[in-house]
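Please load the model in your viewer and keep the selection panel at hand.

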Amino acid sequence: MNFLLSFILIFCSCFHAFSQSALLDSYTQSELNELKQVNIADYELLSYAIENALEFGEYFESKHSNLEHVNNDISPETASFTDFRFKIKNQNQYYVWENQQKIIIVKSFWVLRNEQKIKR
């Protein structure tokens with residue numbers, strides 16, 4: 001029993017360290033510290049967002065020409081918002097992923113929070 005509990009604690013601390021290091025691609029350490037102090041729920045939601053914040057859509061030049069363009073050689077299956085150095089905001093964000101010819105939708109805190117509630 002003690003071994004299992006120890007294993008779970010080590011696993012959780014490793015996951016937290018991984019999440020923290022991934023978040024440092026988009027946020028400074030001081031931004032993360034401030035978020036922990038001001039809104040711990042949003043800070044914890046960022047760990048969920050690493051794997052769930054991006055959606056992709058079809059790109060139409062006539063419809064999406066005014067969006068900001070970004071590039072990254074990562075696969076859409078493994079892409080995270082931190083790979084593009086995006087920050088989660090209070091509203092959805094939209095970008096054109098040039099080399100994939102897709103639209104990137106970065107979900108807002110509100111959308112992520114509601115998704116997480118539904119998954120529970």
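Asp42 is buried, with a relative accessible area of 10%; buried denotes under 20% relative accessible area, exposed over 50%, and partly exposed the range in between, for a 1.4 Å probe and protein chains only. This is a predicted model, in which local features need pLDDT of at least 70 and side-chain atom pairs count only at pLDDT 80 or more, while totals for chains, interfaces and linings use all residues. Residues are numbered from 1 along each chain as its sequence is written, and side-chain values use heavy atoms, with hydrogens and water left out.

Asp42 belongs to helix α3; helices (H or I, at least four residues) and strands (E, at least two) are DSSP runs numbered from the N terminus. Display the side chains of Asp42 and Arg113: a polar contact of 2.3 Å joins them. A polar contact is a pair of N or O atoms within 3.5 Å; within protein, one must be able to donate a hydrogen and the other to accept it, and residues adjacent in sequence count only if both atoms are side-chain atoms. With neighbours within four places in sequence set aside, Asp42 is in contact (heavy atoms within 4.5 Å) with Leu35, Phe109 and Arg113.

Leu45 is buried, at a relative accessible area of 2%. Its C-alpha atom is separated by 7.1 Å from that of Arg113, 68 residues apart along the chain. Apart from neighbours within four places in sequence, Leu45 is in contact with Phe109, Leu112, Arg113 and Gln116.

Now select α5 (109-119). Which residues of α5 are buried? They are Phe109, Leu112 and Glu115. Viewed down the axis of α5, these buried residues fall within an arc of 130 degrees, so they line one face of the helix; the arc is that of the directions from the helix axis to the C-beta atoms. They pack against α3 and β1 (54-58). On the face turned away from the buried side of α5, look for the exposed residues Trp110, Lys117 and Ile118.

**The sheet**

Select the strands. An open sheet of four strands runs in the order β1-β4-β3-β2, with mixed pairing; two strands pair if DSSP finds at least two bridges between them. β1 and β2 (68-70) stand at the edges with a single partner strand each, so one side of each has no neighbour in the sheet. β2 and β3 pair in the parallel sense over three bridges, and Tyr95 in β3 is the bridge partner of Glu68.

**Gln93 in strand β3**

Gln93 lies in strand β3 and is buried, with a relative accessible area of 7%. A polar atom of the Gln93 side chain lies 2.7 Å from the backbone oxygen of Lys87. A polar contact of 3.0 Å joins the side chains of Gln93 and Tyr95. Not counting residues up to four places away in sequence, Gln93 touches Lys87, Ile88, Ile104, Ile105 and Val106.

A nonpolar core is a set of buried Ala, Val, Leu, Ile, Met, Phe, Trp, Tyr and Cys residues joined through side-chain atoms within 4.5 Å. The largest one has 25 residues, of which Leu46, Leu54, Phe81, Phe84, Phe86, Ile88 and Ile104 touch the most other members. Its largest share, six residues, comes from α3. Finish on Phe86, which touches Ser26, Leu54, Val70, Phe81, Tyr95, Ile104 and Val106, not counting residues up to four places away in sequence.
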